[in-house]
Amino acid sequence: MRQTLQELVERYQNNLFAVAFNVCKNAQDAEDVVQDTFLRYYTMKKEFDNEQHIRAWLIRVAVNKAKNCNRTFWRRNKCSFEEYMETLTFETPQSESLFETVMQLPEKYRIVMHLFYYEDYAVREIANILKLSESNVKARLSRGRSMLRNVLKEEWDDDK
């Protein structure tokens with residue numbers, strides 16, 4: 001017995017996501033596992049006895065792929081932001097506070113600010129790295145500085 005992929009996706013996508021999420025504890029990884037599971041079904045030419053057999057096979061494959069996902073180098077070696085901060089050394093407490101504040105910015109501003117101030121890249125180099133226009137990089141730097149100014153001003157006013 002073989003069913004079309006579309007039928008199986010409609011019927012089991014949510015179940016497989018729940019199973020994968022319970023193992024991975026991460027929505028993006030669980031989505032990848034579900035896709036990989038359906039891809040495995042599609043590329044495999046196995047015949048199944050009945051629908052229960054298909055369902056059981058899909059769940060087993062999803063669980064195994066989720067476990068494999070947890071065993072990857074990236075998942076085993078990642079650390080939290082707090083753990084990473086403990087490994088860094090700063091000259092002053094103010095520079096540590098500033099770095100933490102920069103890391104709280106939205107990603108598109110944080111990356112540009114980090115490359116410009118911490119890695120000493122020029123605007124043109126950042127534009128090439130991120131595949132943005134130079135004016136876009138300048139705008140992000142300006143907005144990022146403005147956001148930092150507002151956050152630091154609030155902290156400064158709170159200290160008074």
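**First stop: helices 6 and 7**

Select residues 93–103, which form helix 6, and residues 107–118, which form helix 7; in this predicted model, the axes of the two helices come within 9 Å and cross at roughly 145°. Now display the side chains at this contact. From helix 6, L98, F99, V102 and M103 take part, and they meet R110, M113, H114 and Y118 of helix 7. By class, the residues of this contact comprise six nonpolar, one polar and one charged.

**Second stop: the whole protein**

Clear the selection and view the entire chain. How many helices and strands does the protein have? There are nine helices and zero strands, so that, read from the N terminus, the order of elements is α-α-α-α-α-α-α-α-α. The protein has 160 residues, of which 26% count as buried. If a surface is displayed, its accessible area comes to about 11,300 Å², and carbon and sulfur atoms account for 49% of that area. Among contacts with a separation of 6 or more, 55% are between residues 24 or more positions apart.

Select residues 27–43, which make up helix 2. N26 caps the N-terminal end of helix 2, with a side-chain oxygen 2.9 Å from the backbone nitrogen of Q28. Then colour the buried residues of the helix: D29, A30, V33, V34, T37, F38 and Y41.

Remain in helix 2 and select R40. Is R40 buried, partly exposed or exposed? R40 counts as partly exposed because its relative accessibility is 40%, which falls between the limits of 20% and 50%. Leaving aside residues up to four places away in sequence, R40 touches W57, V61 and K65.

**Final stop: Q6**

Select residues 5–24, which form helix 1, and pick out Q6 within them. With a relative accessibility of 57%, Q6 counts as exposed, since the cut-off for that class is over 50%. Finally, return to F38, one of the buried residues of helix 2. Q6 and F38 are 32 residues apart along the chain, and 9.6 Å separates their C-alpha atoms.

Definitions and conventions
Residues numbered from 1 in each chain as written. Predicted model: local features only at pLDDT ≥ 70, side-chain atom pairs only at ≥ 80, totals over all residues. Heavy atoms only, no water. Helix = DSSP H or I, 4+ residues; strand = E, 2+ residues; numbered from the N terminus. Buried < 20%, exposed > 50% of the residue type's maximum accessible area, 1.4 Å probe, protein only. Contact = heavy atoms within 4.5 Å. Areas by Shrake-Rupley, 256 points an atom, 1.4 Å probe, with all protein chains shown as cover. Axes fitted to C-alpha atoms, helices over the stretch in contact; angles between N-to-C directions. Nonpolar A, V, L, I, M, F, W, Y, C, P; charged D, E, K, R; others polar. Expected span 1.5 Å × (residues − 1). Polar contact = N/O pair within 3.5 Å; in protein donor to acceptor, adjacent residues only side chain to side chain.
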